[in-house]
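Welcome! Open the model in your viewer, and let us walk through it one selection at a time.

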Amino acid sequence: MQHNITNMAIAIRTIPTLKGKEAETFAKEADKAFKERRASIDYTQNVRRTRALLKKSKIL
């Protein structure tokens, strides 16, 4: 019995790279988004209140 063995390689895809005006526009928009990002919500006080409530009701 004869077996056909074939080695096949997986093609490596190229990584798209921005160049020129597209790269400049992308960098400017990324910087703008980073500077204008909104503050995240702080739930620390809510967690404290909830734990106190649960402790008081003897659930926690």
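Helices (H or I, at least four residues) and strands (E, at least two) are DSSP runs, numbered from the N terminus. This is a predicted model, in which local features need pLDDT of at least 70, side-chain atom pairs count only at pLDDT 80 or more, and totals for chains, interfaces and linings use all residues. Residues are numbered from 1 along each chain as its sequence is written, and side-chain values use heavy atoms, leaving out hydrogens and water.

Next, select Ile 41, in the loop between helix H1 (20–35) and helix H2 (44–56). Is Ile 41 buried or exposed? Its relative accessible area is 62%, so Ile 41 is exposed (buried is under 20%, exposed over 50%, partly exposed in between; 1.4 Å probe, protein chains only).

Now move along to H2, which has 13 residues. From first C-alpha to last, H2 reaches 18 Å, close to the 18 Å expected at 1.5 Å a residue (1.5 Å times one less than the number of residues).

Finally, pick Lys 58, which follows H2 and has a positive phi, near 60°.
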